[in-house]
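Colleague: I'd like to learn how to read a protein model. Could you walk me through this one, step by step?

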Amino acid sequence: MKKLALAVVVTMASSFCAMAAADEVTKAPPAAPYEQVSKLVKLPDFLPGMGQLFVDPTTLPAGPFLAYDHGGKLVSTIYMLPIKDLKPDKRFDDLASPGGNVDHVDVYYNAGHPGVEEPHVHVVLWHVSAADEAQVAK
């Protein structure tokens with residue numbers, strides 16, 4: 001019985017920790033180590049179609065990048081995976097979703113931009129519905 005009670009407590013504690021971690025990034029700006037991308041490289045503060053981006057600089061170029069709407073609400077987590085690394089002997093395992101639940105995923109090619117100059121693939125984990133993507137369209 002004591003082992004069962006301990007297991008329940010450990011499970012609940014880990015769930016609360018996961019929820020707390022997600023809460024730390026649901027509103028902009030997220031806590032350190034995330035930094036605003038526009039302060040790291042020459043990009044606008046808000047990118048139409050993506051939002052306001054934050055990243056832990058130590059995770060570049062892949063990310064995750066946290067994307068927020070004009071109201072500071074987290075809308076997506078974005079990974080920018082270099083095309084040169086997409087080969088049979090390279091894996092991208094356990095891509096985290098710091099913002100929690102994922103509604104849907106988009107994947108598309110990008111030829112490069114400030115901060116991630118080489119061609120890469122954007123893997124966008126949307127935390128909002130497809131209809132709510134309009135929050136970052138303009």
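Predicted model: local features only at pLDDT ≥ 70, side-chain atom pairs only at ≥ 80, totals over all residues.

Colleague: Okay, now zoom out. In which order do the strands of the sheet come?

Modeller: First the general idea: strands of a sheet pair through backbone hydrogen bonds, either parallel or antiparallel. Here, six strands make an open sheet, and its order is β1-β2-β3-β4-β6-β5, with antiparallel pairing. At the edges you find β1 (35–36) and β5 (104–110), each of which pairs on one side only.

Colleague: How many bridges join β5 to β6?

Modeller: Seven, and the two strands run antiparallel. Take His-122 in β6 as your landmark: Tyr-108 stands opposite His-122, and Met-80 has His-122 as its bridge partner. Elsewhere in the sheet, four bridges join β2 to β3.

Colleague: Which residues have the most contacts inside the largest nonpolar core?

Modeller: Those are Leu-53, Phe-65, Ile-78 and Met-80, in a core of 17 residues. At least two core residues come from each of β2 (52–55), β3 (65–68), β4 (74–82) and β6 (120–126). The largest share, three residues, is supplied by β4.

Colleague: And what does Met-80 touch?

Modeller: Leaving out residues up to four places away in sequence, its contacts include Leu-53, Phe-65, Val-116 and Val-121. Three histidines are on the list too, namely His-113, His-120 and His-122.

Colleague: Next, aromatic rings. How many aromatic pairs does the structure hold?

Modeller: In general, a pair of aromatic rings is described by the distance of the centres and the angle of the planes. This structure holds one such pair. The ring centres of Phe-54 and Tyr-68 are 5.5 Å apart and the planes are at 90°, so the pair counts as edge-to-face. Since Phe-54 lies in strand β2 and Tyr-68 in strand β3, the pair ties together parts that are 14 residues apart in sequence.

Colleague: Are Phe-54 and Tyr-68 buried or exposed?

Modeller: Both of them are buried. Phe-54 also has a bridge partner in β3, Leu-66. There's another ring to look at: the charged end of Lys-90 sits over the ring of Phe-92, 5.4 Å from its centre.

Colleague: On to charges, then. How many salt bridges does a search of the whole structure find?

Modeller: It finds three. In one, Arg-91 meets Asp-93, with the closest N and O atoms 2.9 Å apart. Arg-91 is exposed, at a relative accessible area of 63%, whereas Asp-93 is partly exposed at 44%. Salt bridges with shared partners also join Lys-84, Asp-85 and Glu-118 into one network.

Colleague: Where does the pair of Lys-84 and Glu-118 sit in the chain?

Modeller: These two side chains meet in a salt bridge of 4.0 Å, N to O. Lys-84 is in the loop between β4 and β5 and Glu-118 in the loop between β5 and β6, 34 residues apart, so the pair links distant parts of the chain. The side chains of Lys-84 and Asp-85 meet at 3.5 Å. Lys-84 counts as exposed at 53% relative accessibility, but Asp-85 counts as buried at 17%.

Technical notes. Residues numbered from 1 in each chain as written. Heavy atoms only, no water. Core = buried A, V, L, I, M, F, W, Y, C linked by side-chain atoms within 4.5 Å. Buried < 20%, exposed > 50% of the residue type's maximum accessible area, 1.4 Å probe, protein only. Contact = heavy atoms within 4.5 Å. Pairing = 2+ DSSP bridges. Phe/Tyr/Trp six-rings, centres within 6.5 Å; stacked < 30°, edge-to-face > 60°. Lys NZ or Arg CZ within 6 Å of the ring centre and 35° of its normal.
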